[in-house]
Amino acid sequence: MFMRSIPNFRSCRVEVACACLLGLAGCATVGPDYQTPSLQVPASWQVAVPHDGKTATLLDWWHSFDDAGLDGLLAAAEKDNPSLTQAAAAIATARATRDQAGAVGLPSATASGGATRAGDRAAQRSTVATTRSVTLDASWEIDLFGAVRRNTEAADARVAARVADWHDARVSLAAEVATEYVSYRACRLLAENDRQNVVSLDQTFASTKVAAANGLVASADAALAEASAAAATATLNSQEAECEVGVKSLVALTGMDETALRTRLGTGAPALPAASNLIVTAVPVQFLSQRPDLVSAERTLAAASADIGVAEANRYPRLSLLGSISTARTTGATSTPWSFGPSLSLPLFDGGALRAQVVGARAKYQSALAGYEAAVRTAVKEVEQSLVRLDAASRRSADLASSAANYRKYYEAARTNWLAGSISLLTLEESRRNALQAEQNAVTVQRDRLLYGIALYKALGGGWQENQNTTNTGVSP
């Protein structure tokens, strides 16, 4: 690249030159002025919105579960989690980059000083001289075509995107902790159900074994009872292993000591938290401001738009105001040279590199726009899918609860008849399997209602508000 330099003109007074340069700084900013794109989204949700039962807003939704164990795990996870720490570090990095971008448009000055001793040893005599010097250099790039302004605009947008990412990580973390907690509670309920089944089958096997030994029943019945008891024990062992896996997941998410975590979770099989519906009133257009990931995608798009202006401005002349003053003293003699004036650089030939940068910046903007549009479509899809699943689980819940209660009654009656000798062991085992499956289905649908509610909470943005401070990062957005 060739540069043409325009030196100072002695005929111009310094004051006039400064005024002209400051006037040039007000030139138009090149590149597109960003506007949030208008997207084609539905005017309203295309599925049933759950309003029956207890409702709660997103911000206090977790408290509606009224589960101290869950509240404690959520607090522990937010206090110490690598994902949030990384997101907070990304905010700090983006802010540092923004500060650097803003500093480019400000005057800069550097000072230097030194002292040297020099001598000349001749045949008859030698001389030694000491030179002391101080130099001050100053420069100020006049932002003629808005390169600095566009760069700062892009940096500001990226800071906002990283803040939204932090909130998105926080929402995702809360949803993941709650999902693992609910899954663990459901796992314990299923394990308790399996344990009761094992106890019942062991009793059946013991009585059948005695009856077979006395010739009251066929030996095949004893074999069937033993096989059923062994299969149930294996199922119980598998279910308990899954519960242990859940504990390990919660330890990783919360950072808690495992002993303390197990103490918090308690023992036995407590009931699942109460299912809590959400108020889902925002239509898709309003919904766009509720999800931090969408805000992040939109701010990333804004930064890409500003980058086009930066690339465009690099194709135009750059004007700087330069000044230097120094003083040097050598063995009694003092000199004070100084210089001041503008410097203009103009790219004349670069083989098309600067133009290619503009084309690349525009392509990145189109990619960011496509990413934003895809994120919006995905967000609407996630909400509507969660609504469908939550509605279906809610409608299935009552039926499965009724099924479990009546299958249990049937099994109790069948066991009474088996003890009386009026039905076979095979019939009893069939009624037991039906009762066990129905009870497990009832637990599963309770779990699913909670998990689908958690998924809806996450899909709706988790109660994030754009003016909410990132208190856990130690700084505000």
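The largest nonpolar core of this predicted model has 82 residues, a nonpolar core being a set of buried (under 20% relative accessible area, 1.4 Å probe, protein chains only) Ala, Val, Leu, Ile, Met, Phe, Trp, Tyr and Cys residues joined through side-chain atoms within 4.5 Å. Trp62, Leu73, Leu265, Val383, Ile454 and Leu456 have the most contacts inside this core. At least two core residues each are supplied by α2, α3 (82-104), α4, α5 (219-254), α6 (258-265), α8 (292-313), α9 and α10 (425-459), helices being DSSP runs of H or I with at least four residues, numbered from the N terminus. The largest share, 22 residues, comes from α4. Apart from this core lies another of 8 residues, including Ala225, Ala414, Trp418 and Leu425.

Leaving aside neighbours within four places in sequence, Leu73 is in contact (heavy atoms within 4.5 Å) with Val177, Tyr181, Leu250, Thr254, Met256, Leu261, Arg264 and Leu265.

Helix α4 (residues 147-213) has 67 residues and reaches 95 Å from first to last C-alpha, close to the expected 99 Å, where the expected span is 1.5 Å times one less than the number of residues. Gly421 follows α9 with a positive phi near 85°.

Residues are numbered from 1 along each chain as its sequence is written. Local features need pLDDT of at least 70, side-chain atom pairs count only at pLDDT 80 or more, and totals for chains, interfaces and linings use all residues, while side-chain values use heavy atoms, with hydrogens and water left out.

Definitions and conventions:
Buried means under 20% relative accessible area, exposed over 50%, partly exposed in between (1.4 Å probe, protein chains only).
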